[in-house]
Amino acid sequence: MKVSEQWLRQWVDVAQDVQAIADQITMAGLEVDAIELVSAPFSGVVVAQVKEAVQHPDADRLRVCQLDDGSGKLQQVVCGAPNVAAGQKVALARPGAVLPGDFAIKEAKLRGVASQGMICAESELGLVEEKSPGIWVLPDSAPIGEDLRQWLGLDDHSIDVDLTPNRGDCLSVMGLAREIGVLNRVEVKAPEIAPVAAQIDERFEVRLDNTSACPRYSARVVRDLDVSTPSPLWLTEYLRRCGLRSIDIVVDITNYVMLELGQPMHAFDLDRLQGHIEVRNARAGETLTLLDGQNVALEDNTLLIADAEGPLAIAGVMGGERSGVNRDTRHVLLESAFFAPLAVAGRARQYGLHTDASHRFERGVDPTLQVRALERATGLLVELAGGRPGPVIEQTDHQALPDTCQITLSAKRVSRLLGMTLEDDEIHDILSRLGMTLKSREAGSWEVSVPTWRFDVRLEEDLVEELARVHGYNRLPVRYPQASLAPRREDGAKVSLDVIRQHLVAGGYQEAITYSFVSDDLQQALNPNVVTPALANPISSDMSVMRSSLWAGLSRALLHNLNRQQQRIRLFETGLVFNGDIDALTQTPMLGGMICGTRDPEGWTSRREGVDFFDIKGDVERILSLGGVEGEWRFEPGEHEALHPGQCARILRNDRHAGWVGALHPAVREQLGIKPEVYVFELELATLQQGRLAAFSPLSRYPEVRRDLALLVDESLPVQSLLDVIREQAGDALTDLRLFDVYQGAGVEEGRKSLALGLTWQHPSRTLTDVEINQTIDNIVAVSSERFGALLRH
C-alpha cells in the first residue's frame with residue numbers, strides 16, 4: 001500500500017524524517033518496500049494567469065499569451081496547446097527554470113515572436129506518466145506568483161508499505177498513523193467527522209439474507225448531486241500519491257475514504273436500482289457485467305449485492321456496470337458494509353480479479369467503522385458536489401458480528417517468552433496506546449480487551465508479540481541456548497540422502513526443486529491412469545493437481561533449459577509424489593532423474609555421441625550400489641505409458657517393484673514439446689536407502705582363476721536370466737561375473753546373439769584346481785543349454 005508522507009503527518013506529527021519513519025515501522029513488522037518522490041524534481045515554475053491568448057500571426061496552431069506571474073509585469077509566452085484560454089490559472093516555467101530531465105527553459109523566438117517561458121502540462125512536470133493532451137489548468141484558487149512546487153507540497157514522499165496478511169488494520173492512513181503514534185508515544189490527530197444531518201426523509205430498503213457473511217450493511221440516499229463537478233486538486237493529488245487515478249467526484253471520494261479510514265465503499269446510481277437492496281449468495285445461472293466490462297458467470301459461493309432485478313455487485317470485490325455511477329447520474333445510494341473475511345477471501349481470484357476493496361476485506365475491516373466512513377463520504381459529497389442526504393440506513397445482526405476478544409495476560413508469561421522483564425507500567429502503556437483496555441485481575445495479571453480493528457490478536461502470545469515489537473526487537477536481550485546433547489544414534493545400514501545427492505552431483509547431475517503441483521494435461525501425458533487430488537483453488541491452471549511422478553516437474557525444468565540453448569542436461573530431484581484421492585492419499589518419497597544431450601561434456605577429447613538407455617541405466621546401477629546390496633536389485637523389461645516400449649525396464653529389489661528406468665516415449669516428448677531423446681529414472685527413496693552394514697572380509701592368500709565363456713543364445717533372452725543361472729552353478733567361490741561383449745553378425749546365425757562372459761573364482765582357504773573349474777564350466781554350459789538352448793561358441 002502506498003501512502004503520502006504529508007498526509008500521514010496531518011494525522012501524527014513526528015520529528016523524524018521519512019527514512020527514519022520507514023526504518024521505525026519496518027522494525028515494528030511493517031516492512032517498507034520503497035520511498036519515492038511524488039514528483040520528478042523541477043524548479044522555477046510558478047502559478048500564473050492567462051490574461052490574453054491571441055492567434056500567432058504566422059502559425060495556425062500557436063497562440064501568443066500574456067500572463068500575470070505576480071512579478072508586476074506581463075510575461076509573453078507562445079503556446080501550442082489547444083486548450084489554452086484567457087482567464088486560466090496555469091503552471092508557468094520562467095526563463096531559467098529546469099524541468100524534469102534537466103530541460104532548461106530559455107527565452108526564445110517562435111516563428112518570429114518572443115516567448116518568455118513555457119506553459120506546462122502535467123506530463124512535462126513529471127506528475128503523470130502518459131502524455132498530457134494539453135496544458136495543466138489549475139483551480140481558480142491557485143495563488144498567482146506562488147512557487148508551484150511549494151503550493152502543491154510536491155516535496156512529498158510516497159511510502160510503499162508491504163503488509164503481512166494479518167495486518168489489514170494498517171491498510172489506511174489512519175492505521176499507519178496509529179502505528180507511528182504508538183511507536184513514538186505521540187497523539188494521533190484524527191479529523192473530526194461529524195454526523196451529516198438528513199435533508200430529505202428517503203430510505204431505501206435493505207435486506208440481509210446471509211448475515212454470517214454480511215452482518216452489517218449501512219447505506220444512505222444522496223439526491224441532486226452534480227457528478228460533473230471536477231474533483232478538487234487536493235483530492236486528486238492525494239489519490240495520485242497513493243497510487244490511484246481520479247475517475248469522477250463520487251468514485252474519488254469513496255476511494256479517498258477507503259485510503260483514509262480503511263473502509264471500502266461503493267456508490268450505486270439510485271435511478272437504476274429496482275425495489276430494494278439484498279445481500280445474498282448468487283443463484284444458479286446468474287451473470288454480472290462488472291465495471292471493467294467483464295461478463296462473469298456467478299458461482300453459488302459468491303456473495304452478491306442485488307436488487308429486485310438481479311445482481312448489482314460482487315460483495316467486497318467490484319460493482320456492476322448496470323448500477324454504476326456515470327456522468328448522467330444525479331442521485332446515488334452510498335454503501336458501507338462489513339463483509340466477513342472468509343466470505344470474501346478467494347472470490348476475487350476466482351474471477352481473475354484483484355481490487356483494493358477485496359484486498360482489504362480479505363484481511364479484515366473494522367466492523368464498527370461503517371457508519372463513520374459513511375458520514376465522512378457524505379460530508380465530502382455534500383461539500384464538493386452538492387446533494388441532499390437522507391438518513392443513515394443500517395441493518396445489523398449483532399450476533400454474527402465478530403466478538404470482542406478478551407485475553408488474560410500474565411507478566412510471568414511475558415518474561416518467559418521475551419527472556420527479559422518488562423515493568424507493569426510499560427506493559428500497560430504499550431497495550432493502552434495500541435487501543436487495548438486492561439483490567440487488573442491480580443498482581444502481574446490483566447484481562448485485556450482487544451480493539452475491533454485488531455483481528456490478528458487472539459492469544460496471549462499475540463499480546464507478547466505486540467509488546468516485543470513496540471518495545472523494540474533490537475532491545476531484546478541476546479541469549480544463547482544451552483542444552484546437554486547426547487550423540488545421535490545413526491543407522492549405519494541406511495544410505496544417507498546427502499550421499500545419494502553428492503554421488504549424482506559428482507556424476508554431472510544438478511539438483512532441481514520443482515512444485516508439487518502440476519497441470520492436469522502434463523499429468524495425464526505421463527501417468528494417464530493415476531488419480532491424484534485436484535486443488536480447489538489453484539494458483540494457476542499449470543498447477544492444478546498434485547503430482548504423481550517427479551518426471552512432471554523435471555520435464556518442465558528440462559524444457560526450460562533446452563529453450564535457453566542448454567544442450568547437455570542432467571537433472572535429479574527428491575520429493576513426495578501422491579497417489580489416490582484426498583480420502584485415501586498415499587505420499588511416497590521418490591528420487592527421479594532425467595538426462596539428454598551428449599554423453600560427454602564438450603571438449604577436444606570428448607565423444608560427440610548422444611546418451612542412450614545404457615548411460616542412464618549405468619547411473620542408476622551406481623546409485624543402487626551405494627547400499628552394498630547390488631545382488632538384491634534386478635532390471636526386468638516392463639511397460640510404462642510414458643516410456644518407449646523397447647527401452648523400458650522395471651527396477652526390482654528382491655522381486656518387489658521399486659522404480660522405472662527408460663527412454664521417454666516419442667509421443668510424450670512431442671506432446672511436451674521436447675525434441676531430443678530423453679532418458680529418465682524414478683526410484684522409491686525408502687527402498688533405495690535400505691543398505692547393509694559393511695563388514696571386513698580377510699583377503700585370500702590364494703590365486704584367482706579366470707575363465708571366459710562365449711555362449712550363443714536367442715536374441716530375445718534377457719542377459720539377467722543367464723547370469724542368474726551362472727551364479728547358481730558357479731558356487732560360493734565365484735567372486736566376479738562380468739559381461740564384456742555382445743555380438744551379432746557374421747558367424748552368428750540370425751535370431752541369435754553371442755554373449756561373452758568373464759568368470760573369476762578365488763577360494764579363501766585353498767588353491768582351486770583345473771579339474772574343479774572345468775567341472776564347474778561344464779555344469780554351467782549344460783544347465784544353460786537345458787534351460788535356454790545355449791551353445792558354447794568356439
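Me: Which residues of α21 do Ser721, Leu722, Val725, Ile726, Glu728, Gln729 and Ala730 in α20 meet?

Reply: This is a predicted model. Helix α20 covers residues 719-730 and helix α21 covers residues 770-788. The α20 residues you list meet Thr776, Asn779, Ile780, Val783, Ser784, Arg787 and Phe788.

Me: By class, what residues does the contact of α20 with α21 have?

Reply: Both helices contribute, with Leu722 and Val725 among the α20 residues and Ile780 and Val783 among those of α21. Glu728 in α20 and Arg787 in α21 also take part. By class, the contact has 7 nonpolar, 5 polar and 2 charged residues.

Me: At what angle do the axes of α20 and α21 cross?

Reply: The two axes come within 9 Å. Their crossing is right-handed. The angle is roughly 140°.

Me: How many salt bridges does the count come to?

Reply: Side chains of opposite charge can pair when their charged atoms come close. The cut-off here is 4 Å between a side-chain nitrogen of Lys or Arg and a carboxyl oxygen of Asp or Glu. The count comes to 50.

Me: How far apart are the closest N and O atoms of Asp156 and Arg241?

Reply: Asp156 is in the loop between α3 and β12, and Arg241 is in helix α5. They are 85 residues apart, so-called distant parts of the chain. Both residues are buried. The closest N and O atoms of this salt bridge are 3.0 Å apart.

Me: Asp169 and Arg454 meet in a salt bridge. How many residues apart in sequence are the parts that the pair ties together?

Reply: The N to O distance of Asp169 and Arg454 is 3.9 Å. Asp169 lies in the loop between β12 and α4, and Arg454 in the loop between β27 and α13. The parts tied together are therefore 285 residues apart.

Me: Is Arg454 buried or exposed?

Reply: Buried means under 20% relative accessible area. Arg454 has 1%, so Arg454 is buried.

Me: Which residues are linked in a network of salt bridges with Asp169 and Arg454?

Reply: Asp169 and Arg454 pair with an N to O distance of 3.9 Å. The network holds this pair together with Arg167, Glu179, Asp456, Glu466 and Arg469.

Me: With which residue does Glu511 form a salt bridge?

Reply: Glu511 is in strand β28, and its partner is in helix α14, 10 residues apart. Glu511 is partly exposed at 37% relative accessibility. The closest N and O atoms are 3.0 Å apart, and the partner is Arg501.

Me: How many disulfides does the structure hold?

Reply: A disulfide is a covalent bond between the sulfur atoms of two cysteines. The cut-off is 2.5 Å between sulfur atoms. For Cys79, the nearest cysteine sulfur is that of Cys65, 5.3 Å away. The structure holds 0.

Me: Which residues does Ile430 touch, not counting residues up to four places away in sequence?

Reply: Ile430 is found in helix α12. Ile430 is buried, with a relative accessible area of 1%. The residues touched are Glu466, Leu467, Val470 and His471.

Me: Which residues does Leu244 touch, not counting residues up to four places away in sequence?

Reply: Leu244 lies in the loop between α5 and α6. At 17% relative accessibility, Leu244 counts as buried. The residues touched are Leu239, Asn255, Met258, Leu259 and Asp356.

Me: What is the phi of Asn654?

Reply: Most residues other than glycine have a negative phi. Asn654 is found in the loop between β34 and β35. Asn654 counts as exposed at 52% relative accessibility. Although Asn654 is not a glycine, its phi is positive, at about 50°.

Technical notes: Residues numbered from 1 in each chain as written. Predicted model: local features only at pLDDT ≥ 70, side-chain atom pairs only at ≥ 80, totals over all residues. Heavy atoms only, no water. Axes fitted to C-alpha atoms, helices over the stretch in contact; angles between N-to-C directions. Helix = DSSP H or I, 4+ residues; strand = E, 2+ residues; numbered from the N terminus. Left-handed = near helix turned anticlockwise from the far one by under 90°. Contact = heavy atoms within 4.5 Å. Nonpolar A, V, L, I, M, F, W, Y, C, P; charged D, E, K, R; others polar. Buried < 20%, exposed > 50% of the residue type's maximum accessible area, 1.4 Å probe, protein only.
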